[in-house]
Amino acid sequence: MDNMILGRYIPGDSIIHRLDPRSKLLAMFLLIVISFWANNPITNLILFVVTGIFVSLSGVPLSFFIKGLRSMFFLIAFTTIFQLFFISGGQVLWEIGFIKITSHGVEQAGVIFCRFVLIIFFSTLLTLTTMPLSLATAVESLLSPLKRFKVPVHEIGLMLSMSLRFVPTLMDDTIRIMNAQKARGVDFGEGSIIQKVKAMIPILIPLFATSLKRADSLATAMEARGYQGGVGRSQYRQLSWMRKDSIALILISLLGILLFILKS
């Protein structure tokens, strides 16, 4: 639970912190698309160097990004191992029975591993340097053209802000429930997989009950304060697109063109 960084914001005054949330959100999506063009050692090296520069400019300790990788360790390991053992082609490096490792499988496993790491770093950089409410406001602003098609843009932004706001709260509730169950003699680390799954039931039921109770209290509080949707509502924090936001997107677009040219 300590490795969960979703919804956490690290206050700071770095150049990354000062960027408009809309530009950071667009930049993250661009970088994720660009990461799929990095399919050889040169392009991956360039992208890792650029990512290191972004991390350094943000002023956020590298340990937070490592925590983000730890929370996704099993998914990264499973996908990498799957590519390593089940992708054929190229020279056979190791073989036992029907399982074999080929040079093409090693290359694909390396590319997938780098891609996962880069995407996690990009998303972590966005959430750690942008307040959840500002991020929700940015989503609402970017989706505002969809209002013409009757898309509930304000409600989407509201749901996003609430989700990000209560992720750390849910984590705290989970830790508190686990500690209470451990005090009653429940052991979450022993037994078979089925027994471990059954041991999670005493956590999930109180967690769902607490979440539903908190959601009901939140809905009552919003109704008591006269909330009626996004019609006629103003924003306390006004977003301001500046020259540095445009420059950042232009530089990332140039990076994408470079990697597109250098990709295999």
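Me: How much accessible surface does the protein have, and what share belongs to carbon and sulfur atoms?
Reply: This is a predicted model, where local features need pLDDT of at least 70, side-chain atom pairs count only at pLDDT 80 or more, and totals for chains, interfaces and linings use all residues. Residues are numbered from 1 along each chain as its sequence is written, and side-chain values use heavy atoms, without hydrogens and water. Accessible areas come from the Shrake-Rupley method with a 1.4 Å probe; for residues, only the protein chains shown count as cover. The surface comes to about 16500 Å², and the carbon and sulfur share is 68%.

Me: What percentage of the residues in the protein is buried?
Reply: Buried means under 20% relative accessible area, exposed over 50%, partly exposed in between (1.4 Å probe, protein chains only). The protein has 264 residues, and the buried part is 34%.

Me: Is T129 buried or exposed?
Reply: T129 has a relative accessible area of 2%. That is under 20%, so T129 counts as buried.

Me: Which helix holds T129?
Reply: Helices are DSSP runs (H or I, at least four residues), strands too (E, at least two), numbered from the N terminus. The run of residues 103–129 includes T129, and this is helix α6.

Me: Which residues is T129 in contact with, leaving aside its neighbours within four places in sequence?
Reply: Contact means heavy atoms within 4.5 Å. With those neighbours set aside, the partners of T129 are Y9, I16, H17, K24, S58 and V60.

Me: How many helices and strands are there in the protein?
Reply: The pattern along the sequence is α-α-α-α-α-β-β-α-α-α-α-α-α. The count is eleven helices and two strands.
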